[in-house]
Amino acid sequence: MAALDWLNPLWLPGLVLLPLIWWLHRFGNRPRQQAVSSVIPWRNSVLNTGLATRYSPTDPKWLVRALIVLTLISVLAGLRFHDGGKPTIHAWFDDSLSMHTQENGITRLQLGGKRLLEALENQGVKLVVLHTLSQPGNRTTIDFAGSPEGRQRFNTWLTNIQPAVDRSLPAAPLKKGKHWLITDGTGADLQHWVERAGVQQILSVGEYRENMAIYRLSIRRSLSRPKWADGMVMITNQGTANAERQLQIQVGDHKLHSWSLNLPPHTEIIRRFQLPLASIRSVEAKLLPVVSEIDDPLALDDTLILKPITAVWAVPVRMIGICPKPLLTALQAIPGFRIVGPEQGSRLTIICGGPRPPVDGPTVWFHTPVNPRLSVEAPHWHGPATALSDLALQPRWLQADPAVQGAVGTTLLSTGKITLIALRRSPGPLLQVNLAIDFPVLTRRPEFPVLVAGLLEYVTGEERLDQRQIVERDPLDSRIIPKQLHSTTTAQPSAFSPTGWDPTLWLIGLAIGLLLYDTLREWIRSGIRYSTPAGNSDDQIA
C-alpha cells in the first residue's frame, strides 16, 4: 500500500486557502441592483422576487482554481509517495581496519550492529538500507518486521565486511533521506564528511586505544651478494603508551629471525634481515605478545605475508648468434638474468649480428657494424628513451656503421643523422642496436653494463638492477583511538526513504495545464458576453 510523505511540511498550512476559494466563489458573486428609468425593455421577462434574498449557485470554477492552489502547495511541501509507507533508515558502516578491533570479545562492527538494532527498535523502524563507506554502491535492504530472517541476514552481512583497502568516502551530500553512521571516528576526514554529507545521527563505538602494527614488508636482491635478498620490516606503535612485542620473520615454516621490541607511543622502528634467494617461497613477518601482556586488540595488522614469485628473480635469456665476450660478461654480472640453452623456454631473446630470425617476445638485436666509425657528434637521447636518457654517453666511446639500415623504428639514441638505438613495437617489442659492442673503449667503461642492463629492462618493462617486492598498508589505518564525531544537521528530515516516487514535475505540469485551461476558458466566456445582444430574453428583473 502506497504512503505519502512531506519533505517541507511547513507549507501545509497553506491548505486553508482552499475553503477561502470556495467561500469567495459561493458568496462573493451576489446579484447587483441597477436603477433604470424604465422597465419597458424587460416587460416580457418573468419577475423572480426571490432573487433579492437568495444567492446564486456556487461558481464551479472554484474547483479548478482550488486544484491549482492544492497542486502548488504540494510541490512546495515536497510531496513524496513511498511503497508500503515504512520508515527507512540508511545505515552507513565504517569498514576501515580499526572497526575490526576486538572489544570485549566482539569487533567494533558487531558492537555497532547491536547499537543500531537497539536504536531502530526504540524508534520503531523496521526497514534498513545497509551501506559501507568504501563501497557505497553496494547496498543491502533488510526488513526486520515479521520474522527472524532479517536479523540473520544482518549478522551475515556484518560478518562478511572486509577491511577497506583505502579510506575513500562516498560523495557528499548524500541523497535525501535519514542517514545514520556507525563508526569509531578514527578517520581523519570523517568529521568533515559528516558535515557535508548530511548525516543525522552517529552511533559511536570503541574504547581501546593501544595498538602496535606491521605496516611494510619488502625484499630486494642484494647488490653485494647476488644470490641473496635483503629484507626490511617496518613496525609502528599507534597507541598512547609503551608497547612490547616479539617480532618474528618466517620463511615458510622456518623461523629465520626474532627480535624483542619496546616502542614508545607514536614511533616507528625498522628491522633488516637477509635470506638466500633459493629458499624464498613466502616471507612472513608477525608480531607476538610478550608473556606479561594481553593479546593485541587488532590482530589483522600484526601480520604481513609476502609471496614472491621465484621466476621473477631470474629471467631466462636465449642467445642467438655469436655474441662478443664483453656482452656475455655484462649479462652474467646483471642480477636477475640467466642465460639458457635453445631447448629451454625464455622470456627474452638477444640476437648478435646476422638477419633477425622469427622470434616472439621481447628481443634485443645487436647489429654487427661492417665499417665502424667513431661518433663525431655527441649522442642524443630522445623522449621515448625514458629512464635510459639518465645514462650519459661520450662520443669517443661509441662506434657505429652509417651503412647499417636495420635500425628503423622509433629512435631512442642518435648521433647526427645516424640512428644508434631504435624501438619497433610490433609484432613484439624489438630493440635494434647499431653500436660496436666489442669496442674496447666502450666495454671497459663502467657505463657499459649499465647500458646493457638498461636495454634489457627497457624491452622487458621490468626493473632488474634494483628489483624489489613489497607488501604494505597505511600505518594510520592501525590507529584505533576512538573519536567522538558530531552531526551538525539541525533539521530532522523524514524517516521515509527518498527512493519513492517524486511527483514534482508532474504536479508542476498539472498546475500549468489547469492555469492555461482556466485562462482560456475565461477569455472565451468574455468574448461571448460582449457579443450578446442587449435584449437577451434570459435577463431577469431584480
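Student: Is D518 buried or exposed?
Tutor: This is a predicted model, and in it D518 has a relative accessible area of 9%. D518 is buried because that value is under the 20% cut-off.

Student: Okay, and what does the side chain of D518 meet in a salt bridge?
Tutor: Its partner is R65, with 3.0 Å from N to O. The two come from distant parts of the chain: R65 sits in helix α2 and D518 in helix α9, 453 residues apart.

Student: How accessible is R65?
Tutor: R65 has a relative accessible area of 25%, so R65 is partly exposed.

Student: How many salt bridges are there in the whole structure?
Tutor: A search finds six. One of them joins E472 and R216, whose closest N and O atoms are 2.7 Å apart. That pair also links distant parts of the chain, with E472 in strand β27 and R216 in strand β10, 256 residues apart.

Student: What about R445, which residue does it pair with?
Tutor: R445 forms a salt bridge with E447, and the closest N and O atoms are 3.2 Å apart. R445 is partly exposed at 31%, while E447 counts as buried at 17% relative accessibility.

Student: And which residues do shared partners join into one network?
Tutor: Those are R65, D518 and E522.

Student: New topic: which residues make the nonpolar surface patch?
Tutor: V16, L17, L20, W22, W23 and L24 make a patch of about 590 Å². W22 lies in helix α1, residues 17-27, and is partly exposed with a relative accessible area of 34%.

Key:
Residues are numbered from 1 along each chain as its sequence is written. This is a predicted model: local features need pLDDT of at least 70, side-chain atom pairs count only at pLDDT 80 or more; totals for chains, interfaces and linings use all residues. Side-chain values use heavy atoms; hydrogens and water are left out. Patches are made of residues with over 30% relative accessible area and no salt bridge: like charges are joined within 9 Å, nonpolar side chains (Val, Leu, Ile, Met, Phe, Trp, Tyr) within 5 Å. Accessible areas come from the Shrake-Rupley method with a 1.4 Å probe; for residues, only the protein chains shown count as cover. A salt bridge is a side-chain nitrogen of Lys or Arg within 4 Å of a carboxyl oxygen of Asp or Glu. Helices (H or I, at least four residues) and strands (E, at least two) are DSSP runs, numbered from the N terminus. Buried means under 20% relative accessible area, exposed over 50%, partly exposed in between (1.4 Å probe, protein chains only).
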